[in-house]
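Let's take a walk through this one together, moving from a sheet to a helix and then on to the aromatic rings. Have the model open as you read.

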Amino acid sequence: MTTFTMSDAALSVWAKTNKLGQYGLDGNRLPATDTRLHWLPLHQHLKDAGDAAAKIWDDWLPKVTRELITSALPDSIPETDRETTARAIGIFLAASHDVGKATPCFAVMNDTLATEMHRHDLVIEADLNVRSPERKTLMHALASHFALSDWMTSGDPTGRDYDTSWLGYILGGHHGRHGTERLDSLAATDRLYGPDEWEHVRDEHLERALYLADLDFETLIAVSVNPPSQQVQVLYSALVVYADWLASATDLFPLYLHQPGVLPPAQNRDDTTRSDPAWIRLGSVPPPWAPSLACCEDADTMFASRFVPGRDAKARPVQQAAYDAANECDPASLLIIEAPMGEGKTEAGLMAAEILAHRSGAGGIMMAMPTQVTTDRMFDRIIDWLNNSSESLDDHGKHTVSLVHSKASYNQRLETLRLPDATLAEDDQHAFAHVWLTGRKTGLANFVVATVDQLLMMALAGRNIPMRHFGIAGKVVIIDEAHAYDAFMNRYMDVVLEYLGSYNIPVVMLSATLPVHTRQDFIDAYVRGQSGNPEKNPLVQTDLKITPAYPAITWFSHEGKGMHKAAPVSPKVQVKIGRWNENDHQMARRLDALLRKNGQPSGRALIIRNTVKGAQETYRNLREHFGDAVQLMHARFTDGDRLERDARISTMFGEGNAADTSLQILVSTQVVEQSLDVDFDMLVTDVAPTDVLFQRMGRIHRHRARDGHRPDRLTTPLAVLRHANWRVDDVLKLGEAGASSSFIYEHMLIYRAMLQFRNRATVSLPGDIAKMVHVAYMWEIESFRPEEDPLIKRNAKYAGIVKWAWLQARTHREEARARAAAFLIHSVTQRADFGNLALLEGFLYNELGGQALDASVRDSLMPTEVILLDCIDADDEPEFFLPSASSFGPDLKAIPITPGQPITDDALREAVNACSLRIPAHVFNRSDSGGLKIRHQFHPGWTDSFNAGPLSGKPVVWLDTREHAAQFVAYDREIGAIVS
C-alpha cells in the first residue's frame, strides 16, 4: 500500500498550536505581534515523529544498540527481517505516540480548533473546557496508552487483553513518566476520552502508523506478546522521546497557518517534503563514531599518533598492557586498569576505549570524572586526543562533543567549539559542540565528558530517565578515579554497572588505589547485569580474592570469562616518610632548610590541608616567611578567580616548567589530588586515609624532566605527615590536625592510616600501594572480624578504639546505602509483577514511592552557588555592584546591577557570571541570629537575560561595605571566601 486515505474527522484533529518563539511554515520565527492561529494537525505531527525515528535509527543509532534491540525480537521473525522489523517497531511507536490527543480532554485546549473538529462529528460536551479540573485525570500520554491497548485488543481475534502491553507503556511514558493507573470504566469517561466517533479517529491514526512504519498488525501482535528485555524497552522508550523532541521543534518542522475549513492532506509514507528541509535546518549531526584503528598496528604507534604526534614516543608498560587486554578481552567487558599516579592511566584508558569501540560497535565515549574541575581539564585532553586521532574518525572526520556539569557554560573552549553544523568546523578541528545538543540533549553527543554524577543519574529515579540511558548505552564508558566514591555513591555505581553490562557496553575503570573487594563488587555488578542473574557467578569469584597484584589489568564479561594479572610498571620509587608536629612558623624553618640548591632558595613544596580554613591559615603564615613564593589553591574562590588561578598554577608546576629552579610553595586542599599533572619536590600533608595519602604522594617526583633541577636534599621524594602523633592518647584525640581530618573523613580511615604509617621510614611506589590500601579497607569486607585485623594484632593497645570506629563506620555505611536505595531505579535483575512482564513500570519506580524523586547521587549537602556582589547601601533600596575585590576594570565596577532585571551589557553579564561562588550549605542556611549576617534573595528575573542559564535562580549574597557592618562571609582575591 503506497497511500493511506484519512477521513476529514481524522484530518481535523490538532496536535500543536503557536506559542511565543515558535516557527511558521516559511521557516521564520513567529513574531509576538502575529496573533494569527498557527497549528499542526495530529496526522502531520505523527508523520514528522515517524520520520524522526527513522532518521535516528538509520543515521545516529550505534551498531551495538541496533544489535541489542534486534536480538530481542521473537524467534518467529525471520533472521533476514529482524533489523527491518526492529526499525519498524520504533517508527510505529513514534508515529502513534500522541494518538491520545484525539480526545475531548485534549481538544478543548483550543476553542477554534475544537470547534473545527466538532463540525466533523467529534463532539465535546458543552461544559468541558480547558479549566475543568477533571482533565488532570487523563493526560494525553496516558490516553495514548489506552488507545493502543484498546485497538490491539479489538483487532486480535484471540480476545487477548493488551492493557499491560509493553508497547502501551512506551506511549504512556513519552513525557518522562509511566503510570499504571487505569480508569475504572472507560465507558463512564466518554466525556474525557470520547465516544465511538473519537475511538474511530484514534484507530485510524494507529492504522496509519502501521502504514508509515511499513509494518503489519500480525507482526506487531507477535512483538507485543513476546516482550523484550527491560533494557530494550527503555531504548525504545527513549527513541520515541527523542523523535518527539525533534518533531516538536518548530524551527525544524514548522506550523501551518490555520485557514478555517481547510484541512492539510495526510502525507504518504515516502513523502519527504517536510523531513528533508528539517534535516538541512538541523545542520550536520555526525553519525556514531566508528574508529578504524588506522596507524594502530601496535601500542607504540597508537600511543604516539594519538598523544604525541610527530614524535617517536613509546607506550609505557601499563599502556602496553591495556592495549593488549583490550584486544584480548570480549568486546563487551569490564576492564579495570590499576596503576600508580603518573603512569599514564588516562592514555591507557583511551587506547583501550578506542579498540573496544571498534570491536563492539559502540558509537562514542563517555568519560566520567570525580569533580567539575577535573572534568574541565579532561575535556581539554579529549579534544586534543580527537584532533590527533583524525585518521580513526572514520570517513566523516568530525564528531560532536559535550561537556556536562552545572558550570559547563563557563568553559571557554567549549564555547569556541559550539557550531550549528560540522561543515563550519576548521579542517583540523575534528570535534565540535553542536548547538542542537544542548540542555537535556547534551548526553547524545558522540563524546561526552561529564562529572560522575551524570553517569550515576542512570540509576536515579526521575523523569526522562530513559534518555539518560539512551545517551550512554551506545558508548564506551570510562570511569576515572574509580576509588574516589563513598558507600552512598557506590550503591548507585553498582546499579549503573549492572545496566551497562546489560547493554553490552564496554566499561573501562581507572584507579590508582582500588581496594580488592571494591574491584570485586564492580565485577559482580557488571556480570550480574550482563547475565541477568541476581546470584553471584561462582566463576567470577575465582582467582580474585587473592593478595592483590599491582599494577594490574582485570577484565571480566558474562559466563565468568576474565583475567586478572599484574602489569609491568615503570621503575620503583622510594618515598621517605617524615613526621612534623610543629606549627606553621616552625614548619617554615624546616622548609627553608630543605628547599635549597647550591645554598640558594630553590624547589617546589606542596602543602595540603584538609579544610579551606586550614589552608587559608597556613597560607597566611607561610607568606610571612616566603612572601610571593607561596600560592593558594582551594574551591572557595569565585569562578573567574579560580579559572585564572588554576591556569597559573597548572603552568607554574606543570611539566613545561620543569627546569624552573625558583622557590615555589603551593598550599592547597584536596582539589590538587586528582587528574592534575603537576610536580613537586616534597609534600607536607594533614593526616588522611591511606589511599588519599598515596594520591597526594603522586604529586611529587612525577616528571622525569625535572630530575636534575630538584633541591640538593630532595633528590629522593619526601612526604611529611603533620600532627600524626603516635602515642595512644594522641590517636584517641586524633592529634591537632587529625581533629579536622575526622570531620572530612571517617574516624576509621584516619585511625587506620595513622597506624599504618606509624613506624614507616619509607614507602615503595608502586609496591606498597595495593597491599596497604587493601589492609586500610579490609574492614569493609562482609566477613571481616576485628580480632583478625593485622593492624590490631600489631597494635593491640589500640584495639578498643579501632573496634569502636569499625562499628561506627559499618553503621554509617549501611545507613548510607539504605538512603541511596530509596532513590534507586530497579536493578536489572528485578522484575515488576505485571503478568510476569518486564515493564517500564518496574524500571522507573521502586517500592518506596511511585513518584519521580528529587534526589542527589551524593550523600551530603552540596555547596550553594551564589552570586557575590558588593552592596554599597544596604538600606531599603540597596545598590549592587561588582565586588571591589575583583579583577574587573573600574568602568564595569561602576555600573549598578539590579537583580531581577535583564543585564544588557555583554561584558557586565559575563563579569556577573564570573562572580559565582560556592558557599558551604551549613553556612548559607544559617539564620541571622547572633549578629551574623548572610543575606540572600532569589532573583528569577535574571532568567530572561540568560535564557535559563547560569544565573537562573541563584541567590545573591552581598558583601556589606558599610563601616562596622557585621557579616560572616567576606571575600579577598588573595585568599578567597572567608567564612566565620
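**A sheet, a helix and some rings**

Start where Leu606 stands opposite Leu666 in β19. Keep in mind that this is a predicted model. The two strands involved here are β17 (residues 603-608) and β19 (residues 663-668), which run parallel and pair over six bridges.

Now zoom out to the rest of the sheet. Seven strands make it up, in the order β18-β19-β17-β20-β21-β14-β22, and the sheet is open with mixed pairing. At the edges you'll find β18 (630-633) and β22 (762-765); each has a single partner strand, so one side of each has no neighbour in the sheet. From one strand to the next, the twist averages 20°.

Next, look at helix α12, residues 230-247. Its 18 residues reach 26 Å from first C-alpha to last, close to the 26 Å expected at 1.5 Å a residue. This helix is mostly covered, with 18 of its 18 residues buried.

On to the aromatics: there are 19 aromatic pairs in the structure. One of them is Phe694 with Phe757, a tilted pair at 6.2 Å centre to centre and 55° between the planes. Phe694 belongs to helix α27 (residues 690-697) and Phe757 to the loop between α30 (747-756) and β22, so the pair ties together parts that are 63 residues apart in sequence. Phe694 is buried at 0% relative accessibility, and Phe757 is buried with a relative accessible area of 0%.

Elsewhere, Trp60, Tyr242, Phe253, Trp279 and Phe470 gather into one aromatic cluster. Charges sit over rings too: Arg202 lies over the face of Tyr193, 3.8 Å from the ring centre, while the charged end of Lys441 is over the ring of Trp436, 4.3 Å from its centre.

Key:
Residues numbered from 1 in each chain as written. Predicted model: local features only at pLDDT ≥ 70, side-chain atom pairs only at ≥ 80, totals over all residues. Heavy atoms only, no water. Pairing = 2+ DSSP bridges. Helix = DSSP H or I, 4+ residues; strand = E, 2+ residues; numbered from the N terminus. Axes fitted to C-alpha atoms, helices over the stretch in contact; angles between N-to-C directions. Expected span 1.5 Å × (residues − 1). Buried < 20%, exposed > 50% of the residue type's maximum accessible area, 1.4 Å probe, protein only. Phe/Tyr/Trp six-rings, centres within 6.5 Å; stacked < 30°, edge-to-face > 60°. Lys NZ or Arg CZ within 6 Å of the ring centre and 35° of its normal.
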